[in-house]
Amino acid sequence: MPQLVSMSLEGRNAWTSTTDRGWFIPDIATRSDTVLEMSRSFMVPARSVLKFRHLYNTENNYDGGVLEYSTDGVRWEDAGSLITEGGYLAGINGKSSPGLFGRSAWGGDSAGWHEVNVDLSALVGRQVQFRWRFVSDNDGADEGWWIADLVLE
Ligand SMILES: [Ca+2]
Ligand SMILES: [Ca+2]
């Protein structure tokens, strides 16, 4: 699996790697749009499922995250339709939330760790990159989003 790199699309926030709980981004009280992105693409093998666990506690409706993928490194699509377990339960509806306004997302309080399964059968044989994208608006902070145990099975 490719390495993950934090990149800012807007504002000043960042994903950091922790030793015990994986990757973390805080839910800050200013506008931000930040991705944790695979540094290169990988070829999707047959019958593969991308799995990870996550925990989030964000300002519901305003701050939250999605999973996106790209087959050309330029155009990014929402991976929500590929998720077979642990899909989006909330939305980003704050007009000042950058980037993801009007989209379904993970947001609010996940109440602990949950597994997410992403069925890659529609992408077999393609070169694909994934990124975890988190946005916050300009008011109301919360804990943030933790991502751990990323594997391809
Ligand atoms: Ca919350
Ligand atoms: Ca907020």
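**Exercise 1. Find how strand E5 pairs with E13, and name the partner of Met43.**

Step 1: Start at strand E5, residues 42-43, in this predicted model. Strand E5 and E13 are joined by two bridges, and the sense is antiparallel.

Step 2: Now pick out Met43. Its bridge partner in E13 is Gln127.

**Exercise 2. Work out which other strands pair with E13, and how well covered E13 is.**

Step 1: Take strand E4, residues 32-38. E4 lines up antiparallel with E13 through six bridges, and Val35 has Arg133 as its bridge partner there.

Step 2: Move on to strand E7, residues 64-70. Seven bridges tie E7 to E13, again antiparallel. Here Gly64 sits opposite Val135 of E13.

Step 3: Check the cover. E13 spans residues 127-136, and eight of its ten residues are buried, so this strand is mostly covered.

A reminder for all of these pairings: strands of a sheet pair through backbone hydrogen bonds, either parallel or antiparallel.

**Exercise 3. Locate the largest nonpolar core and say which element gives the most to it.**

Step 1: Count and name. This core has 28 residues, and Leu67, Val118, Phe130 and Trp132 have the most contacts inside it.

Step 2: List the elements that give two or more residues. They are E4, strand E6 (49-57), E7, strand E11 (104-107), strand E12 (114-119), E13 and strand E14 (142-152). E13 gives the most, with five residues.

Step 3: Follow Leu67. Leaving out residues up to four places away in sequence, Leu67 touches Ala79, Val118, Phe130 and Trp132.

For background, nonpolar side chains tend to be buried together in soluble globular proteins.

**Exercise 4. Decide whether Glu37 is buried or exposed, and list what Glu37 touches.**

Step 1: Glu37 is in strand E4.

Step 2: Apply the cut-off. A residue is buried if 20 or more other C-beta atoms lie within 10 Å of its own. Glu37 has 23, so Glu37 is buried.

Step 3: Read off the contacts. Setting aside residues up to four places away in sequence, Glu37 touches Leu4, Val5, Met7, Gln129 and Arg131.

Step 4: Ser97 is 60 residues from Glu37 along the chain, and their C-alpha atoms are 20 Å apart.

**Exercise 5. Sum up the whole chain, and check its radius of gyration against a compact globule.**

Step 1: Tally the elements. The chain has 14 strands and zero helices.

Step 2: Do the check. A compact globule with 153 residues would have a radius of gyration near 15 Å; the chain has 14 Å, so the two agree.

Step 3: Get the dimensions. Along the principal axes, the C-alpha atoms fill a box of roughly 45 × 30 × 25 Å.

Step 4: Of the 153 residues, 33% count as buried. Among contacts with a separation of 6 or more, 78% come from residues 24 or more positions apart.

Definitions and conventions
Residues are numbered from 1 along each chain as its sequence is written. Chains are lettered from A and ligands numbered from 1 in the order in which they are written. This is a predicted model: local features need pLDDT of at least 70, side-chain atom pairs count only at pLDDT 80 or more; totals for chains, interfaces and linings use all residues. A residue is buried if 20 or more other C-beta atoms lie within 10 Å of its own, exposed if 12 or fewer, and partly exposed in between; C-beta atoms are placed from the backbone. Helices (H or I, at least four residues) and strands (E, at least two) are DSSP runs, numbered from the N terminus. Two strands pair if DSSP finds at least two bridges between them. The radius of gyration is taken over C-alpha atoms; the globule rule is 2.2 Å times the number of residues to the power 0.38. Two residues are in contact if their C-beta atoms, placed from the backbone, lie within 7 Å. A nonpolar core is a set of buried Ala, Val, Leu, Ile, Met, Phe, Trp, Tyr and Cys residues joined through C-beta atoms within 7 Å.
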